[in-house]
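Subject: Structure for you to look through

Dear colleague,

I am handing over the structure we spoke about, and my notes on what was found in it follow below. Please have it open while you read.

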Amino acid sequence: MTAKEISYKEITILLVDDDDVDVMGVERALKKLKILNPIVRARDGIEGLALLRDSQAVKRPYLVLLDLNMPRMNGLEMLAELRKDAALSSAIVFILTTSKADEDKVKAYQQHVAGYIIKSQVGDGFLRVMEMLDHYWRVVELPIQN
Amino acid sequence: MVRSEDVKASHVIKALPQNLCQTAASAPLKLMSDPQLGALLIDVTPLSKAGRSDGCIVAVTSLNREIDDARATINAKQFPLTILKAGDDRPVFGEASNGVWHAEAELQEAGLNLIVRLIPTQAQLASGMLPTIVGIALVALVLLSLYWPKTARKNAIVALGYQNRLQLESELRHQAVEMAPHAMVLVDQNGVIEMVNLQTEKIFGYVRADLLGQSIDILLPERFRDQHPHHRGVFFKTPGSRAMGRGRDLYARRQDGTEFPVEVGLAPIPTPVVGVVKVLASIVDISERKQYEELLLKSNQRFAMASKAAGLGFWGWNITTNTLEWDDEMFRLYGRQRTDGDLSYTLWANNLHPDDRVMSEQILNDAVKGIRVFDAEFRILLPDGSIRYIKGNASVTRDAEGNALEMFGINMDITKRILHEQGLIKSANELARINEELDNFAYVASHDLKSPLRGIDQLATWIAEDMGDALNSDTQEHLQLMRSRIKRMEMLLDDLLAYSRVGRSDDAIVQVNTRDLVANIFDPTTTRKAIHLSIAADMPVLKTKKVPLELIFRNLISNAIRHHDKAQGTITISAHPISTGFEFEVKDDGPGIPPEHQQRVFAMFQTLKPRDEIEGSGIGLALVKKAVESVGGTITLKSNGQQGCAFCFTWPTTNNDKEKLV
């Protein structure tokens with residue numbers, strides 16, 4: 001395999017968010033940017049973990065966009081579960097939330113998230129976020145995931 | 001000093017040489033019963049026949065009398081005289097003197113080594129007759145030492161010759177009675193006084209001759225005289241040594257008719273005549289002791305009253321016999337009756353609250369073992385089932401080996417204090433809970449209310465994007481207005497969250513350069529107006545909570561920019577030290593705030609301009625006020641309502657730790 005082939009390898013996005021409008025926003029932004037990567041959506045942490053543990057549901061490699069405030073299992077709880085799970089502990093996770101609270105940021109980075117992104121700043125929707133993510137996986141080498 | 005007859009007798013016997021063959025004198029003794037006599041010497045001169053001891057002469061002499069006599073003989077009375085025992089600084093005669101000059105001679109009399117000092121007075125020294133005085137003094141001392149032994153015998157209070165030791169001892173016994181520190185009265189079966197001693201004369205004010213042959217009743221107050229023969233009869237029926245009138249207060253009567261409290265001991269004295277017994281009564285004046293007893297009683301009563309008023313109970317526990325002694329207040333504290341019967345350790349232990357019993361007994365046991373001091377707070381259960389909180393302190397007395405003997409302590413009712421403390425803790429917990437709830441509310445408000453809001457915003461955006469030109473201009477404007485209201489609401493929610501978080505105690509205290517702080521906050525690109533920021537040169541560097549200070553400057557500066565009504569303006573920031581810290585001022589040259597509105601600006605959700613004109617949540621200044629007050633500062637507004645306004649706030653640095661009760 002050449003380096004070029006790796007960089008074009010399809011990356012699955014697991015979007016864990018209970019808000020349908022936000023999910024639509026992400027999809028809309030990807031469409032606008034003509035990014036065709038598959039998106040898998042979970043409505044809370046429990047569903048997210050279940051999907052991640054099924055390698056057919058979330059094809060490797062993948063990265064996670066994680067909302068914080070969700071029913072049943074919130075984002076930080078799911079993050080803690082991920083880091084405890086040997087198979088999932090190296091997952092790349094971006095927090096995508098409305099929470100500006102410092103304690104949320106501190107807790108998230110303590111669990112080694114790749115980035116903490118605050119959902120708009122109403123206005124440009126998820127356009128900039130998705131643009132950034134597109135650049136991210138083009139430039140950054142992802143861990144070997146299985 | 002001779003304190004009792006026994007001791008005196010032993011001194012006398014000790015003073016006697018073993019074989020009674022040598023001349024000897026005792027060390028000076030003092031009689032408590034007759035201090036006027038001064039120091040006494042017991043002088044023994046053996047009588048011997050052909051080298052064998054045949055008894056001796058014992059003379060009890062008074063140093064005072066002898067010396068006075070000796071001094072009279074040598075005409076040296078005007079010289080103060082001090083006599084010391086060799087090797088002892090306390091004088092046995094005269095005053096201890098620190099006179100500047102004295103003549104001194106040693107006097108060795110019958111094995112007794114005395115130093116005699118002759119000390120001229122200041123006046124005598126000043127008269128300039130020093131050589132004469134020296135001469136007189138030396139002669140006087142020599143004469144004194146020559147004369148004294150001779151005068152001593154002559155002046156003996158008691159001088160007796162003895163044929164044998166038995167006689168001596170009997171005579172000594174008689175002497176012991178005579179010199180006894182108590183009044184001694186010998187009466188026969190009819191109560192007739194046969195013998196009295198020196199103290200009897202002194203205490204009762206009689207001379208011996210007036211007492212001998214009289215009825216003992218003469219020494220009794222008249223009101224007791226009727227009963228006395230009866231008591232006397234009872235005693236003679238079953239004679240034996242005993243204290244008289246056990247349980248009764250006894251009084252005696254002096255010659256002048258005054259009465260005094262006494263203690264009387266009775267001892268039967270057998271006589272050679274069969275069936276005839278006499279009685280020796282020893283009478284002690286106990287007026288002084290009575291006075292002390294009364295004082296003690298009074299002071300005890302006062303103590304009891306004070307302890308009752310203070311709610312203090314006193315207890316004592318004899319560990320070896322396991323007897324517990326409680327004062328009335330203890331019984332009151334524990335709601336028990338003295339008549340309940342139990343007066344041992346269990347009286348206390350059984351009253352302890354079951355949940356505190358193990359702990360309290362552990363502390364007590366540790367105190368007995370000496371591991372720790374008894375200082376405990378515990379609950380007791382009253383008979384009616386209610387609970388009382390007690391604070392107990394105690395100390396332990398121990399024998400020489402360190403074994404615990406007794407424990408003494410106090411108990412205090414601290415129920416009120418404990419309940420008060422519990423109330424405070426409850427209030428503090430409640431307050432903390434409410435604050436937490438408020439925080440949660442603010443979080444929910446900021447997050448859960450914002451999420452749908454953003455949804456609305458996005459949907460509105462997408463409608464505009466998707467429909468594009470298909471929408472007429474009115475609809476486009478409505479969509480625009482909708483989004484601006486959404487933005488306003490988002491700002492409100494953000495400010496509300498900030499308001500709830502401001503002044504939290506966990507803000508870190510760091511070094512803050514206020515000049516840099518202000519310069520970093522100011523961002524001229526946020527406005528199209530040409531606003532210039534002027535920062536004073538002497539802005540302080542302080543150690544303080546940065547978060548609220550930054551919030552204050554950010555809000556005041558952004559307020560000044562947003563509300564500025566001209567195309568150009570200046571915001572001036574300055575600071576000056578005050579006693580508690582610093583006072584900062586944020587001044588602008590904008591429109592100012594009319595005096596009638598100045599009260600309202602710090603209140604929540606108050607704006608002075610319609611929100612469509614100047615965007616604002618109405619929380620900014622409320623936030624600033626709360627931040628200032630969270631560190632104990634105050635904020636004031638100065639404006640004439642026409643030209644500019646200035647916000648001044650104090651920022652204490654001395655007691656930054658002043659927190660609210662949480």
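Predicted model: local features only at pLDDT ≥ 70, side-chain atom pairs only at ≥ 80, totals over all residues.

His112(A) sits in the loop between α5 (102–110) and β5 (115–118) of chain A, and its phi is near 60 degrees, a positive value in a residue other than glycine. Lys34(A), in the loop between α2 and β2 of chain A, likewise has a positive phi of about 60 degrees although it is not a glycine, and at 70% relative accessibility Lys34(A) counts as exposed. A further point to check in this chain is the peptide bond from Arg60(A) to Pro61(A), which is cis, with omega near -10 degrees; Pro61(A) belongs to the loop between α3 (45–53) and β3 (62–66) of chain A. These places were picked out because most residues other than glycine have a negative phi, and most peptide bonds are trans.

As for chain A as a whole, it has 6 helices and 5 strands, which follow the pattern α-β-α-β-α-β-α-β-α-β-α when read along the sequence. Buried residues account for 51% of its 146 residues, and of the contacts in chain A between residues at least 6 apart in sequence, 66% join residues at least 24 apart. The chain exposes about 7400 Å², of which carbon and sulfur atoms supply 54%.

Turning to chain B, you will find an open sheet of 5 strands in the order β17-β16-β20-β19-β18, with antiparallel pairing. The edge strands are β17 (323–326) and β18 (374–381) of chain B, each of which pairs on one side only, and neighbouring strands of this sheet are turned by 25 degrees against each other on average, direction ignored. Strand β18(B) pairs with β19 (residues 387–398) of chain B in the antiparallel sense over 8 bridges, and Phe378(B) stands opposite Ile390(B) in β19(B). Helix α13 (residues 354–369) of chain B lies across β16 (312–318), β18, β19 and β20 (404–413) of chain B, and runs at about 150 degrees to β18(B).

Which residues touch the most other members of the largest nonpolar core? Of its 41 residues, they are Phe553(B), Ile557(B), Ile571(B), Ile573(B), Phe647(B) and Phe649(B). The helix that gives the most to this core is α18(B), with 8 residues. A second, separate core of 26 residues includes Leu333(B), Ile363(B), Phe374(B) and Ala394(B). Not counting residues up to four places away in sequence, Phe553(B) touches Leu517(B), Val518(B), Ile521(B), Ile573(B), Phe584(B), Val586(B) and Phe649(B).

Lastly, Met179(B), which is placed in helix α5 (residues 165–179) of chain B, is buried, with a relative accessible area of 9%. Its C-alpha atom is separated by 7.1 Å from that of Asn197(B), 18 residues apart along the chain.

With best wishes

How values were computed. Residues numbered from 1 in each chain as written. Chains lettered and ligands numbered in written order. Heavy atoms only, no water. Pairing = 2+ DSSP bridges. Helix = DSSP H or I, 4+ residues; strand = E, 2+ residues; numbered from the N terminus. Axes fitted to C-alpha atoms, helices over the stretch in contact; angles between N-to-C directions. Contact = heavy atoms within 4.5 Å. Buried < 20%, exposed > 50% of the residue type's maximum accessible area, 1.4 Å probe, protein only. Areas by Shrake-Rupley, 256 points an atom, 1.4 Å probe, with all protein chains shown as cover. Core = buried A, V, L, I, M, F, W, Y, C linked by side-chain atoms within 4.5 Å.
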